[in-house]
Amino acid sequence: MSDSLVVCEVDPELKEKLRKFRFRKETDNAAIIMKVDKDRQMVVLEEEFQNISPEELKMELPERQPRFVVYSYKYMHADGRVSYPLCFIFSSPVGCKPEQQMMYAGSKNRLVQTAELTKVWAGLTLPSVREESGI
């Protein structure tokens, strides 16, 4: 039943951005961070990054708000082949408002379908880099 639940639609401009991102030719790590616009009840683009490491991406995510991320990175296989997987990440840190968590959880499946993604990591709790480094 949760597969059919749709809380927020995907912004048409974001759909086009995701389509282009999926077929990008660049070989650097890149990310698209998306958020839910509560007033419009729509998933929208928040920010786009080129040449961003996983650690840098982690620093860009809000500490107390959920976000959706599509991340493309260079992956070296053991046999020397190189691939550029496209991964969907649903970040929902501890301390998020329940209302936000519900809106994001109810919008996730539609976004994954729209972006035609197959590698999905959901329910990740990313520890705060500031807490780890003592900042």
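Lys38 is partly exposed, at 48% relative accessibility; the term covers values between the limits for buried (under 20% relative accessible area) and exposed (over 50%), computed with a 1.4 Å probe on protein chains only. The structure is a predicted model, in which local features need pLDDT of at least 70 and side-chain atom pairs count only at pLDDT 80 or more, while totals for chains, interfaces and linings use all residues. Residues are numbered from 1 along each chain as its sequence is written, and side-chain values use heavy atoms, with hydrogens and water left out.

## Salt bridges

Lys38 forms a salt bridge with Glu99, and the closest N and O atoms are 3.3 Å apart. A salt bridge here is a side-chain nitrogen of Lys or Arg within 4 Å of a carboxyl oxygen of Asp or Glu. Because Lys38 lies in the loop between β2 (30-37) and β3 (42-50) and Glu99 in helix α3, this pair ties together parts that are 61 residues apart in sequence. Glu99 is partly exposed, at 47% relative accessibility.

The whole structure contains 12 salt bridges. Three of them are set out in the table.

| Salt bridge | N to O distance |
|---|---|
| Lys38 and Glu99 | 3.3 Å |
| Arg110 and Glu9 | 2.8 Å |
| Glu46 and Arg67 | 2.9 Å |

Arg110 is partly exposed at 26% relative accessibility, and Glu9 is partly exposed at 37%.

Glu46 is located in strand β3 and Arg67 in strand β4 (residues 67-72), so this pair ties together parts that are 21 residues apart in sequence. Glu46 is partly exposed, with a relative accessible area of 30%, whereas Arg67 counts as buried at 6% relative accessibility.

## Aromatic pairs

How many aromatic pairs does a search of the whole structure find? The search finds 6 aromatic pairs. Rings of Phe, Tyr and Trp (its six-membered ring) pair if their centres lie within 6.5 Å; planes under 30 degrees apart count as stacked, over 60 as edge-to-face and the rest as tilted.

Tyr71 and Tyr73 form a stacked pair, at 5.9 Å centre to centre and with 15° between the planes. Tyr71 is buried at 5% relative accessibility, while Tyr73 is partly exposed at 24%.

Why is the pair of Phe90 and Tyr104 stacked? The ring centres of Phe90 and Tyr104 are 6.5 Å apart and the planes stand at 10°, so the pair counts as stacked. This pair links distant parts of the chain, with Phe90 in strand β7 (residues 86-91) and Tyr104 in helix α3 (residues 98-115), 14 residues apart. Phe90 is buried, with a relative accessible area of 8%, and Tyr104 is buried at 3% relative accessibility. Phe90 and Tyr104 also belong to one aromatic cluster with Phe68 and Phe88.

## The surroundings of Asn29

Asn29 lies in the loop between α1 (12-22) and β2. The C-alpha atoms of Asn29 and Asn51 are separated by 4.8 Å, although these residues are 22 residues apart along the chain. Leaving aside residues up to four places away in sequence, Asn29 touches several others, including Asn51, Pro54, Tyr71 and Tyr73; a contact means heavy atoms within 4.5 Å.

The side chains of Asn29 and Tyr71 are joined by a polar contact of 3.2 Å. A polar contact is a pair of N or O atoms within 3.5 Å; within protein, one atom must be able to donate a hydrogen and the other to accept it, and residues adjacent in sequence count only if both atoms are side-chain atoms.

## The chain as a whole

The protein chain has 4 helices and 8 strands. Helices (H or I, at least four residues) and strands (E, at least two) are DSSP runs, numbered from the N terminus. From the N terminus on, the order of elements is β-α-β-β-α-β-β-β-β-α-β-α.

Of the 135 residues of the protein chain, 36% count as buried. Among contacts with a separation of 6 or more, 62% are between residues 24 or more positions apart.
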